[in-house]
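These are my notebook entries on a structure I have just opened. I record what I looked up, entry by entry.

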Amino acid sequence: MDKIQEKDKKYICHTYNRFPVSIIRGKGTTGYDAEEKEYIDFTSGIGVNSLGFADQGWADAVSEQAHTLQHISNLYYSQPDGDVAQKLCEYTGFSKVFFGNSGAEANECALKIARKYGMEKHGEKCSTVITLNNSFHGRTITTLAATGQEVFHQYFLPLTEGFRYVDAGDIDGLYAALDDSVCGIMLELIQGEGGVVPVPEKFVKEIEKICREKDLVFVIDEIQTGISRTGTFLCYEQYGVQPDVVTLAKGLGGGLPIGGILMSKKVEEVLGYGQHGSTFGGNPVACAGARYVLDKVLQPEFLDEVKKKAEYLRRKLLEIPQVVEVSGMGLMLGAELAEGYTAGEVAGRCAAEGLLVLTAKTRLRFLPPLTITYEEIDKGITVLKKVLDEK
Ligand SMILES: *Cc1c(COP(=O)(O)O)cnc(C)c1O
């Protein structure tokens, strides 16, 4: 254990079972420890570092903003948040944005919108939100309630009431869960923490239809799938649906904490003065990072490259004999390993060999920087193969 790890163990609350790796700096897709050992990064900080470590243009944009105006209360106007909101709205067709600091906070805001919309349109009792089993929406008491996985609930009861869960793909179950108390439906399109499991298109289209017919708020959590991760700016573009609310976080700031809630015309007026807020929300430095990220990841050539590299990574993974199945879309992939291999154990041995890779349930999970090169993919795959062949 190095000095960084000793101090961490002594003073940091033990909620993360960390790999014994201390990264002190990085460039692109490579991180380095104090001994200059290289680590190929197939995680991008769980989909956060969209442009990799310490991208030059991004770092310049962020530091310039820090030297100019690092924070101003939301009681006053500033430039960067408006710029980011404009880019988001112009590209997606949504009409308003609210900025917070994290994914859970973005989902909290989406749930507040769904409830207030329901109450105003359909009466006091209209406050239930349907979410999916095996979903993940965050760690606050309310987003835990939205998360359809009991393991996350235990110890923290009672959670916020007003949630119902259905299985992804179960259209009958979806109809059975509907009644006059339902104000909205929220889901991920690829369940990330749930094991990189795409939700069937037919089912998502049925949800959209129900939300239109019953005037419910249709919320898509794109916190992990968004920001060009799946080869389109937002994953729902590939599903051919149009949600009322989209939540963003992870990759939006390129490494700085920011969450965003996109609102359609239907719900843009739901939250009024004094009904929502966040001290740090729309922070100028975080937004300067996001503005730079969006300038890059919205370019058609950039998206084309993501798609090509995603196909390449998928093919390389499928060529590995111990990989039995690859799930996911774009640069959000999951690999199911042959019997006898445990994802967590393989990820641990990869880290020791200089490859950072995530797990999700029984799968290895790959969320590399969107800027990863073919050579870096090859390098990482070589390490993974070596680790798998050793056993
Ligand atoms: C990570 C994640 C969240 C929670 O985001 P935080 O920033 O950790 O609060 C919510 N939903 C999905 C789909 C996620 O992947």
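The entries below go from the model and its domains to helix packing and then to a loop.

**Entry 1, the model.** I note that this is a predicted model, in which local features need pLDDT of at least 70 and side-chain atom pairs count only at pLDDT 80 or more, while totals for chains, interfaces and linings use all residues. Residues are numbered from 1 along each chain as its sequence is written, and side-chain values use heavy atoms, with hydrogens and water left out.

I looked up the division of the protein and found domain 1 (3–55 + 300–389) and domain 2 (69–297); the bounds come from an automatic or database domain assignment. Their C-alpha centres are 26 Å apart. To the contact (heavy atoms within 4.5 Å), domain 1 gives 27 residues and domain 2 gives 31 residues. I recorded about 2,300 Å² buried between the two domains, with 63% of it on carbon and sulfur atoms. Buried area here is the accessible area (1.4 Å probe) that two parts lose on being put together, summed over both. Of the area that domain 1 buries against domain 2, Leu-303, Met-329 and Met-332 supply 29%, more than any other three residues.

I next turned to helices; helices (H or I, at least four residues) and strands (E, at least two) are DSSP runs, numbered from the N terminus. Helix H3 (residues 56–68) packs on H10 at an angle of about 150 degrees, and their axes are 8 Å apart. Axes are lines fitted to C-alpha atoms, for helices over the stretch in contact, and angles run from 0 to 180 degrees between N-to-C directions. H3 and H10 are therefore roughly antiparallel; angles over 145 degrees count as such, under 35 as roughly parallel, 65 to 115 as roughly perpendicular and the rest as oblique. The crossing of H3 with H10 is right-handed, the term for a near helix turned clockwise from the far one by less than a right angle, with anticlockwise being left-handed. Among the residues in contact are Trp-58 and Val-62 of H3 and Tyr-292 and Val-293 of H10. By class I noted 9 nonpolar, 3 polar and 1 charged residues. Nonpolar covers Ala, Val, Leu, Ile, Met, Phe, Trp, Tyr, Cys and Pro, charged covers Asp, Glu, Lys and Arg, and the others, Gly among them, are polar.

The axes of helix H4 (residues 79–92) and helix H10 (residues 284–297) come within 8 Å and cross at roughly 30 degrees. H4 and H10 are therefore roughly parallel, and their crossing is left-handed. The contact includes Asp-81, Asp-83 and Lys-87 of H4, with Arg-291 and Asp-295 of H10. I counted its residues by class as 8 nonpolar, 1 polar and 5 charged.

For helix H11 (residues 300–319) and helix H13 (residues 374–389), the axes come within 11 Å and cross at roughly 20 degrees. That makes H11 roughly parallel to H13, in a right-handed crossing. Residues that meet include Glu-305, Tyr-312 and Leu-317 in H11 and Ile-377, Asp-378 and Leu-384 in H13. Their contact holds 7 nonpolar, no polar and 5 charged residues.

Which peptide bond is cis? I found that the bond from Leu-157 to Pro-158 is cis, with omega near -5 degrees. Pro-158 is in the loop between helix H7 (150–153) and strand E6 (163–166). Tyr-155 is also found in the loop between H7 and E6, and this residue has a positive phi of about 80 degrees although it is not a glycine.
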